[in-house]
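Please look over the following chain before reading on.

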Amino acid sequence: DALGHAYVGSLTWTILALIAIMSGLLALLYRSQKRYYVEHFIFLLHFHTGAMLLLLLAILGDRWGIWEQGVIAWAAILPMPGMYLAMLRFYKQGKLKTFVKWCLYSLLYVFAFAISFVLGLIVVFALF
């Protein structure tokens, strides 16, 4: 039980590291716009905050019995196309160009998430 609490406590740092890594990727993808790294970081920070809030509301609604099963899965999937729309609006590029960059970003996000999740677990096990 204490190990689970220790990992949940380190999950915040894991997500923050993931945001930092993915901000670097966005800086590479949109280097022609000459934006600062911090702009990409804040963009992803805001986006992840919204996604976490959506997931929190889904979990609370599920726990309180407000809606049926499957809402949590939808809350986990819904931010993916939302990221495409956010990139389209924030970076102001064409739909096809943004779609290609979103696909690349999404693919690399899955790998970066898996790696950061495993590294977070390793750190918690090592320190615990």
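What share of the 128 residues in the protein chain is buried? In this predicted model, buried residues make up 27% of the chain. The fold is built from 5 helices and 0 strands, so that the order along the sequence reads α-α-α-α-α.

**Overall build**

- The C-alpha trace of the protein chain spans about 50 × 40 × 20 Å along its principal axes.
- Of the contacts between residues at least 6 apart in sequence, 60% join residues that are at least 24 apart.
- The protein chain exposes about 8,800 Å², and carbon and sulfur atoms supply 77% of that area.
- There are 9 positive and 4 negative side chains, and the centres of these two sets lie 26 Å apart.

**Helix α2 and its surroundings**

- Helix α2 covers residues 37-63, and its 27 residues reach 38 Å from the first C-alpha to the last, which is close to the 39 Å expected at 1.5 Å a residue.
- The buried residues in α2 are H40, F43, L44, H48, A51, A58 and G61, and they pack against α1, α3 (71-77), α4 and α5.
- L54, which is also placed in helix α2, counts as partly exposed because its relative accessibility is 32%, a value that falls between the 20% limit for buried and the 50% limit for exposed.
- L54 and E39 are 15 residues apart in sequence, and their C-alpha atoms are 23 Å apart in space.
- After α2 comes G65, which has a positive phi near 75°.

- K92 is exposed, because its relative accessible area of 66% lies over the 50% cut-off.

**Helix α5**

- Helix α5 (residues 95-127) has 33 residues and reaches 46 Å from its first C-alpha to its last, close to the 48 Å expected at 1.5 Å a residue.
- Its buried residues are T98, K101, W102, Y105, A112, S116, G120 and V124, and the buried residues of α5 pack against α1 (2-29), α2 and α4 (79-91).
- Residues three or four places apart in an α-helix point the same way, because there are 3.6 residues a turn.
- G120, found in helix α5, is buried because its relative accessible area is 8%, which is under the 20% limit.
- Leaving aside neighbours within four places in sequence, G120 is in contact with Y7, S10 and T14.
- The C-alpha atoms of G120 and R63 are separated by 27 Å, and the two residues are 57 residues apart along the chain.

**S23 in helix α1**

- S23 has its place in helix α1 and is buried, with a relative accessible area of 0%.
- Not counting residues up to four places away in sequence, S23 touches Y37, H40, F41 and L44; H40 and L44 are among the buried residues of α2.
- The side chain of S23 also reaches the backbone nitrogen of F41, at 3.5 Å.

**Positive phi in the loops**

- Most residues other than glycine have a negative phi.
- K34 has a phi near 55°, a positive value in a residue other than glycine, and lies in the loop between α1 and α2.
- K34 is exposed, because its relative accessible area is 73%, over the 50% cut-off.
- K92 likewise has a phi near 55°, again a positive value in a residue other than glycine.

Technical notes. Residues are numbered from 1 along each chain as its sequence is written. This is a predicted model: local features need pLDDT of at least 70, side-chain atom pairs count only at pLDDT 80 or more; totals for chains, interfaces and linings use all residues. Side-chain values use heavy atoms; hydrogens and water are left out. Helices (H or I, at least four residues) and strands (E, at least two) are DSSP runs, numbered from the N terminus. Buried means under 20% relative accessible area, exposed over 50%, partly exposed in between (1.4 Å probe, protein chains only). Contact means heavy atoms within 4.5 Å. Accessible areas come from the Shrake-Rupley method with a 1.4 Å probe; for residues, only the protein chains shown count as cover. Lys and Arg count as positive and Asp and Glu as negative; His and the chain ends are not counted. The place of a charge is taken as NZ of Lys, CZ of Arg, CG of Asp or CD of Glu. The expected span of a helix is 1.5 Å times one less than its number of residues. A polar contact is a pair of N or O atoms within 3.5 Å; within protein, one must be able to donate a hydrogen and the other to accept it, and residues adjacent in sequence count only if both atoms are side-chain atoms.
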